[in-house]
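Please read the following briefing alongside the sequence and the model. It begins with helix packing and then turns to individual residues.

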Amino acid sequence: MFAQLAPSPSPSPANVSHFVHRRTFRQCTYAVSASLPTANSSRPPPIQANIIVGGKDLNLDVTRKDDSIGFKLEANEDEIDWMNLESDIRLWTRALRPVQWYPGHIMKTEKELREQLKLMDVVIEVRDARIPLSTTHPKMDAWLGNRKRILVLNREDMISNDDRNDWARYFAKQGIKVIFTNGKLGMGAMKLGRLAKSLAGDVNGKRREKGLLPRSVRAGIIGYPNVGKSSLINRLLKRKICAAAPRPGVTREMKWVKLGKDLDLLDSPGMLPMRIDDQAAAIKLAICDDIGEKAYDFTDVAGILVQMLARIPEVGAKALYNRYKIQLEGNCGKKFVKTLGLNLFGGDSHQAAFRILTDFRKGKFGYVSLERPPL
Ligand SMILES: Nc1nc2c(ncn2[C@@H]2O[C@H](COP(=O)(O)OP(=O)(O)OP(=O)(O)O)[C@@H](O)[C@H]2O)c(=O)[nH]1
Ligand SMILES: [Mg+2]
């Protein structure tokens, strides 16, 4: 009855393989996870973490089980369900058309980036706070080399405080500086500017020693499409200098802009790998609008989103019913989308899928992360 999932070739840290139990419903294959080892066995040792959240330093005592900012240490049922969900997404996506997008401007940027990197004192890597693992470019470490790095989780308004704190602790344990920002309203942007200057501060110390005049610190902002890179720059500059819009692929060219006399910022087109091996990650990019629309089938993606939302404790099948007045049958998201198409759009599933995806992207289901830090 139990089948073991083959380990995915993806290097994603979220990639976990464990036992699943498959059950077939009418049109959909539904995977039900079997019991897992208790998460307590892999509980991390207590640490004291200095974490920057939304521009404020939090000194979190992570030995506490729960505190005023909702910090949870002990694994609970929800966390175990997240591990199973990750495996199930992999099963659900196997039968679908692969999500791939590598337009010409990304190919061109990848070549140019190598040259521009030579100029950068610090790299600001921007990820989508809803999916920080799926918006990790596989080449990022190679691009960074020995350069100083700041990790930004943007769209901090789209996840809960609990999720923010869990991610902050996860990255702090790896010694990675993380800043949570809101590119739309500006939270965390000033902190980001100050940190970039301070991290690259030794540049001018070295120049002085060599008898050279001081120069601006150069920070390159790179990341997946539509994660909010240009918006963040506009927030830092307090002016709309860089084009920003709610769709991937808006920025097509690299552009250096000046912030005062001591910081230069590089806005860059969103980067994706040429081939996305991890299709669970690719589906999440599609759900979050971090990959071009041509890359995926709307109905497939909305169907998976429905199945995910039904399993995410903060949403669940009840919230889906309340919004669309449709009962999720046999965990078949695609059927749900088709029924919505029949009920509201004269049988047009594409429009129904677009409605569900737009609702999610506009936060109609509340604060919803599609990933959790690996245990
Ligand atoms: N809710 C929310 N929306 C944001 C945030 N940051 C940016 N946005 C919105 O997200 C959309 C995309 O922002 P951009 O700044 O164009 O993203 P980008 O990373 O430069 O995108 P590309 O140039 O396509 O790579 C815009 O509509 C922004 O208003 C944020 O923190 N929260
Ligand atoms: Mg942009």
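The axes of helix 8 (residues 279-287) and helix 9 come within 10 Å and cross at roughly 100°; axes are lines fitted to C-alpha atoms, for helices over the stretch in contact, with angles running from 0 to 180 degrees between N-to-C directions. Helix 8 and helix 9 are therefore roughly perpendicular to each other, the term for angles of 65 to 115 degrees, where under 35 is roughly parallel, over 145 roughly antiparallel and the rest oblique. Helices (H or I, at least four residues) and strands (E, at least two) are DSSP runs numbered from the N terminus.

This is a predicted model, in which local features need pLDDT of at least 70 and side-chain atom pairs count only at pLDDT 80 or more, while totals for chains, interfaces and linings use all residues. Residues are numbered from 1 along each chain as its sequence is written, chains are lettered from A and ligands numbered from 1 in the order in which they are written, and side-chain values use heavy atoms, leaving out hydrogens and water.

- Helix 8 contributes Ile283, Lys284, Ala286 and Ile287 to its contact (heavy atoms within 4.5 Å) with Val301, Ile304, Leu305 and Met308 of helix 9.
- By class, this contact of helix 8 with helix 9 has seven nonpolar, no polar and one charged residues (Ala, Val, Leu, Ile, Met, Phe, Trp, Tyr, Cys and Pro are nonpolar; Asp, Glu, Lys and Arg charged; the others, Gly among them, polar).
- Helix 9 (residues 298-311) and helix 10 (residues 316-324) have axes that come within 5 Å and cross at roughly 125°, which makes helix 9 oblique to helix 10.
- Val306, Leu309 and Ala310 of helix 9 meet Gly316, Ala317 and Leu320 of helix 10.

**Buried residues**
- Arg311, found in helix 9, is buried at a relative accessible area of 15% (buried is under 20%, exposed over 50%, partly exposed in between, with a 1.4 Å probe and protein chains only).
- In strand 6 (residues 122-128), Asp128 is buried, with a relative accessible area of 0%.
- Not counting residues up to four places away in sequence, Asp128 touches Thr135, Asn154, Arg155, Val227, Cys288 and Asp290.
- Seven of the nine residues of helix 7 (residues 229-237) are buried, among them Lys229 and Asn234.
- Lys238, which follows helix 7, has a positive phi near 60°.

**Confidence**
- The chain has a mean pLDDT (the predictor's confidence in each residue, from 0 to 100) of 82, and 79% of its residues reach 70 or more.
- Over residues 1-77 the pLDDT is below 50.
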